[in-house]
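Welcome! Please open the model in your viewer and get ready to select a few things in turn.

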2 protein chains.
Amino acid sequence: MATTTAAQRRAAAKVQFDAFLAACPSRKLLDRISDKWVVLILCALGGDGLSRPAAGDGRGLPALRYSQLARTLAGVSQKMLTQTLRSLERDGLVTRTVTPTVPVTVTYELTDLGRSLLEVMRGVKRWAETNIPTVLAHREAYDARASRAPTS
Amino acid sequence: MATTTAAQRRAAAKVQFDAFLAACPSRKLLDRISDKWVVLILCALGGDGLSRPAAGDGRGLPALRYSQLARTLAGVSQKMLTQTLRSLERDGLVTRTVTPTVPVTVTYELTDLGRSLLEVMRGVKRWAETNIPTVLAHREAYDARASRAPTS
DNA sequence: CAGGATCCCGCTAGATACTG
DNA sequence: CAGTATCTAGCGGGATCCTG
């Protein structure tokens, strides 16, 4: 079942959204997804933070529990984790599944849409991880230049 | 001359940086580049916002002036534009060139490092622009479900 | 033209405490 | 376990004024 209307599909096909425009909805969406926690949650649900290589076949990505996510994203507060997960769920990027066990079990999983964004976000995370040394070197050079500023 | 130390190159080669760790420098870098304005500035310097197709050959990307960037990124404040550009310059992603004309001319250009990030960021921007209709539809559905919440 | 410097508001991240 | 609720400090970010 398609969850998009005809009008929406037409719009998408015509690429009529432009994030350069302040009023365009895509600008807001860009702002939402341009977030540290979004990147990390998506990557975690993509299986990037798992030590066990199980289910690493693209299909059937891991359904992670809240606590697993909290452990993977070191230093995240419950508030930010919950808040970001809700936002992702609302936007249709992840699904939230509640299993009424004795202590309730909640798992999160990427949707198809979420998986499409994951591809991009993985690139962002990897870029940061591979280029941080270069960036650090540039900063040192920049700051060194700034420190010997002409007093005259 | 190489601007990276031997230790840094070793580290990069071993992929020992992990943004999942709170203390890892790459986490901070991820936070920096996960920014609306960073994405838009990079895309603008990548030539995405230009009407004239000139210099769209990958090589020789446009050197945009401050005012051109301000016009392209509709709604950006001078503060955020200047601040983000400084940050990008410090990180070695863009170069800032001052030409001492009558009214001074300042142009910004992507470095090789900046161009490598551009590839990723273009994906982020395009994802937002192409998937905003779907996301909007999901939100509507989500909010509709939330509005008929059980009062009992 | 391309910013630098300030003021200041708003919101948001984080810490803490409580709960089904 | 997986949240919700509340409070607050901090700063992100816009508006405004000024300058080489």
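A polar contact here is a pair of N or O atoms within 3.5 Å; within protein, one must be able to donate a hydrogen and the other to accept it. Keep in mind that this is a predicted model.

With that in hand, show chain A and chain B together. Between chain B and chain A, 14 residue pairs are in polar contact, both at pLDDT 80 or more. Then highlight α6(B), where the largest share, 22 residues, comes from. By class, this side of chain B has 30 nonpolar, 15 polar and 15 charged residues.

Next, select B:Asp143 and A:Arg90. These two form a salt bridge, with the closest N and O atoms 2.5 Å apart. The count between chain B and chain A is six salt bridges.

Select B:Phe20, B:Arg90 and B:Trp127: they supply 16% of the area that chain B buries against chain A, more than any other three residues.

Finally, stay within chain A and select helix α3 (residues 36-45) and helix α5 (residues 78-90), which pack at an angle of about 75° with their axes 10 Å apart. The two helices, α3(A) and α5(A), are therefore roughly perpendicular to each other. Show side chains to find A:Trp37, A:Val38, A:Ile41 and A:Leu42 of α3(A) meeting residues of α5(A), including A:Met80 and A:Leu88.

Key: Residues are numbered from 1 along each chain as its sequence is written. Chains are lettered from A and ligands numbered from 1 in the order in which they are written. This is a predicted model: local features need pLDDT of at least 70, side-chain atom pairs count only at pLDDT 80 or more; totals for chains, interfaces and linings use all residues. Side-chain values use heavy atoms; hydrogens and water are left out. Axes are lines fitted to C-alpha atoms, for helices over the stretch in contact, and angles run from 0 to 180 degrees between N-to-C directions. Helices (H or I, at least four residues) and strands (E, at least two) are DSSP runs, numbered from the N terminus. Angles under 35 degrees count as roughly parallel, over 145 as roughly antiparallel, 65 to 115 as roughly perpendicular and the rest as oblique. Contact means heavy atoms within 4.5 Å. Buried area is the accessible area (1.4 Å probe) that two parts lose on being put together, summed over both. A salt bridge is a side-chain nitrogen of Lys or Arg within 4 Å of a carboxyl oxygen of Asp or Glu. A polar contact is a pair of N or O atoms within 3.5 Å; within protein, one must be able to donate a hydrogen and the other to accept it, and residues adjacent in sequence count only if both atoms are side-chain atoms. Ala, Val, Leu, Ile, Met, Phe, Trp, Tyr, Cys and Pro count as nonpolar, Asp, Glu, Lys and Arg as charged, and the others, Gly among them, as polar.
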